[in-house]
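Have the sequence and the model open beside you.

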Protein chains: 2
Amino acid sequence: MLSKNKIKYIHSLELKKNRKEECVFVAEGPKLVEELINHFACRLLLSTPNWLKQHPHLNAQEIIEVTSEELTRASLLKTPQEVLAVFVQPNEESVTNHANQGLCLALDDIQDPGNLGTIIRIADWFGIEHIYCSLNTVDVYNPKVVQATMGALARVKIHYVDLPSFITTLPTNTPVYGTFLDGNNMYEESLSPNGIIVMGNEGNGISDNVSKLINQRLYIPNFPKDRPTSESLNVATATAIICAEFRRRLT
Amino acid sequence: MLSKNKIKYIHSLELKKNRKEECVFVAEGPKLVEELINHFACRLLLSTPNWLKQHPHLNAQEIIEVTSEELTRASLLKTPQEVLAVFVQPNEESVTNHANQGLCLALDDIQDPGNLGTIIRIADWFGIEHIYCSLNTVDVYNPKVVQATMGALARVKIHYVDLPSFITTLPTNTPVYGTFLDGNNMYEESLSPNGIIVMGNEGNGISDNVSKLINQRLYIPNFPKDRPTSESLNVATATAIICAEFRRRLT
């Protein structure tokens, strides 16, 4: 039996303020919960009898068997999917620089939850383990971000930092890449196996404060090259193409 | 003054059935409307006085100056943006094969409007002019698709076809590409400047009926290569990486 208070609690977690206060986040659906439950402490799990029967050895502080109707009332999704879990946010470690050992991403005020989730999934695919997000980037524990990661959140570490300050503290020989419509054709540039790739805000691109710290300005060529374009690619799309190219060079 | 009937009419166009009956679609926002108005006949345009003043020579059957409040009531968006237009759907030309002159995309039951819109935008960036959609692919005139194309809809032609039958009618030497988790590393394959790249449904990938018609099975390698993964990339993300690679080979 699911209490009204529990439903109210779960819905309160749509707000960042409440997630932060409680230090938790919500994830839904069998695939996602099965991935995350091995990586994050689970405070509360709601499940239909069916899914629960298939997962007898769950490590969760509180497990409540619910009917489909109860799950629908608790769910933050349009189409609830068998299981909903409230996980504990991991402690923020002190931010360290990983850009000298491998390739990292930095996100300068990404606003759309779907974009952030998709970018985390792309990072996971290409073995990028650390993403530095500017303080104004959308909250990674926003339920829409969590759902869009499809579980990649279990493997990619997200650090919120004051991005210009953070980049300033990096060793001066650290490659700091960014994409610009007037950058250099990325296929003609040398790309390093380590460093940071900065991706900018959906509407405004990379901010001036960050832009001046970038030491390799890249451009994803459109086709045919001489076709003028005022257009740009979606930021997640651009991230995918760039990460693929960095990784192709290494193989 | 905006009548209740006009508002009702616009909202009715959220449904495919009504769009089809009226043979129109809705687009909103200055950037999008400015792009599309040169390519599609405009049946009705609602605008705030400000935007209208900046566009004195509009080619539209009916123009109504509206207040912000009226626009909010008519808009299909959460955040209305100055202008809303109802455009006429172009006549469906008889479907012809463009895969022998250049690169085309085929979409096998893409369901998510955001994905279709993003894919059209990617096609535009990479100079792919024709997309063949299976009959169960989401409607390109769905307002969410239209908004996500960011205007690329003006330049990329979308054809709805019975996909297996269509591919069967292509000359036998037409390259038909598809991505599969057990395909060949695309960086090691020869890629043609013409042909069709098939992208599959979000959950199920490429259907069996279409799968057997594919003559080059590709795989986007993850990194590091020996890291096992049960994951996949979002379909729009995968489309972007593949199109970029086909175009890189040509430059």
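Q: What makes the relation of chain B to chain A that of a two-fold axis?
A: Chain B can be laid on chain A by a turn of 180° and a shift of 0.0 Å along the axis, with an RMSD of 0.0 Å. That is why the relation is that of a two-fold axis. The copies are superposed by least squares on the C-alpha atoms of residues with pLDDT of at least 70 in both. This is a predicted model, in which local features need pLDDT of at least 70, side-chain atom pairs count only at pLDDT 80 or more, and totals for chains, interfaces and linings use all residues. Residues are numbered from 1 along each chain as its sequence is written, chains are lettered from A and ligands numbered from 1 in the order in which they are written, and side-chain values use heavy atoms, with hydrogens and water left out.

Q: Which residue of chain B comes closest to the rotation axis?
A: That is B:I241, whose C-alpha comes to 2.5 Å from the axis.

Q: Why is the contact of A:D182 with A:R217 called a salt bridge?
A: The term asks for a side-chain nitrogen of Lys or Arg within 4 Å of a carboxyl oxygen of Asp or Glu. For A:D182 and A:R217 the closest N and O atoms are 2.9 Å apart, so the pair meets the definition. A:D182 lies in strand β8 (residues 176–185) of chain A and A:R217 in strand β10 (residues 216–219), so the bridge ties together parts that are 35 residues apart in sequence. Strands here are DSSP runs of E with at least two residues, and helices are runs of H or I with at least four.

Q: What separates A:E245 from A:R249 in helix α10 of chain A?
A: They are four residues apart in this helix (residues 235–249), so about one helical turn separates them. A:E245, at 3% relative accessibility, counts as buried, while A:R249, at 30%, counts as partly exposed.

Definitions and conventions
Buried < 20%, exposed > 50% of the residue type's maximum accessible area, 1.4 Å probe, protein only.
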